[in-house]
Amino acid sequence: MTVTTGASGTPARPTVRGEVVPAAFDDVARTYDLMVRLSPGYHEQLRASAAALVEALPETAGRRPVVFDLGCGSGASTAALVHALRAGGRDADVVGVDGSAGMLIQARRKRWPAGVTFRQADAETLGRDDLAEADGVFAAYLLRNVAARDRLLAQVHDVLRPGGVLVVHDYSVRDSLLARLSWHAVCWGVVIPLGLVTAPRSPIYRYLWRSVLDFDGVQRLADRMVKAGFVDVESRSASGWQRGQVHTWRARR
Ligand SMILES: C[S@@+](CC[C@H](N)C(=O)[O-])C[C@H]1O[C@@H](n2cnc3c(N)ncnc32)[C@H](O)[C@@H]1O
């Protein structure tokens, strides 16, 4: 992984305010998995980021490691973690956390191995009571939706055991004109029209478009992690057609 630096762009306002994002996800929860299935490479990219977490998961001397999946949604990222743990020959308790009751209903409906549980909490106000001491934290497509990003990163740093690993997976196009242009094309050519079919009354897919344009550049988010106390901060871009759009950041307490 490498940390890249680039020019900053102009912020754009999202159409769903940060504090109501989980409620907006309630409205699309039943069709979210369908949208994900229509997004080529979505699961593979999540698995690659989850594998980056598992390969850095500290040894726990016989104790079962604990991994949180913050913003677990309907469980796609949780499934990626389960897959990566299995592939890496590791066993762990996995706790999916999300603010949307509707997304959690979809997640809980799925078949999970022992040790996978879900709970509802708001990442804007997440406290020690919502999390236990953790060996790993995965946050896929969450941080962009959180206004109190520095506070959340500090909170995650606080609950991670020394040596514990944080992996963030999200879109970030601010540092690259090419990525911003292709993001506009993907959203207006595919995502927003499909969203009109699967969830006609929801603003969430237009919010996705604007929120990605508004989100931190790769280096800015890496800097936030350093500010929160993380070390060994690194990042890499996804492979395939979303190269430059989707990124993985990894950091250690
Ligand atoms: C795009 S979905 C991603 C779900 C899953 N991680 C995946 O990779 O498919 C983002 C999720 O973050 C959740 N979310 C957004 N803001 C949140 C907040 N402030 N607190 C908790 N969850 C939040 C939403 O409810 C939604 O389920």
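Helix axes here are lines fitted to C-alpha atoms over the stretch in contact, and angles run from 0 to 180 degrees between N-to-C directions. Keep in mind that this is a predicted model.

**View 1. Helices H6 and H7 pair up.** Here we look at H6 (residues 177-198) and H7 (residues 204-214), whose axes come within 9 Å and cross at roughly 170°. Angles over 145 degrees count as roughly antiparallel, so that's what we call H6 and H7 relative to each other.

**View 2. Side by side: the residues where H6 meets H7.** On the H6 side, the contact is made by Arg180, Trp183, Cys187, Val191, Ile192 and Gly195. H7 brings Ile204, Tyr205, Arg206, Leu208, Trp209, Val212 and Leu213. Sort the H6–H7 contact by class and you get 10 nonpolar residues, one polar and two charged.

**View 3. An open sheet of seven strands.** Read across, the order is E3-E2-E1-E4-E5-E7-E6, and the pairing is mixed. The edges belong to E3 (116-120) and E6 (231-237); each has a single partner strand, so one side of each is left without a neighbour in the sheet. From one strand to the next, the twist averages 15°.

**View 4. Zooming in on E1 and E2.** Strand E1 (residues 66-70) and strand E2 (residues 93-98) run parallel, joined by five bridges. For one of the pairs, look at leucine 70: its bridge partner in E2 is valine 97.

**View 5. Helix H2 packs on the sheet.**

How values were computed: Residues are numbered from 1 along each chain as its sequence is written. This is a predicted model: local features need pLDDT of at least 70, side-chain atom pairs count only at pLDDT 80 or more; totals for chains, interfaces and linings use all residues. Two strands pair if DSSP finds at least two bridges between them. Helices (H or I, at least four residues) and strands (E, at least two) are DSSP runs, numbered from the N terminus. Two residues are in contact if their C-beta atoms, placed from the backbone, lie within 7 Å. Angles under 35 degrees count as roughly parallel, over 145 as roughly antiparallel, 65 to 115 as roughly perpendicular and the rest as oblique. Ala, Val, Leu, Ile, Met, Phe, Trp, Tyr, Cys and Pro count as nonpolar, Asp, Glu, Lys and Arg as charged, and the others, Gly among them, as polar.
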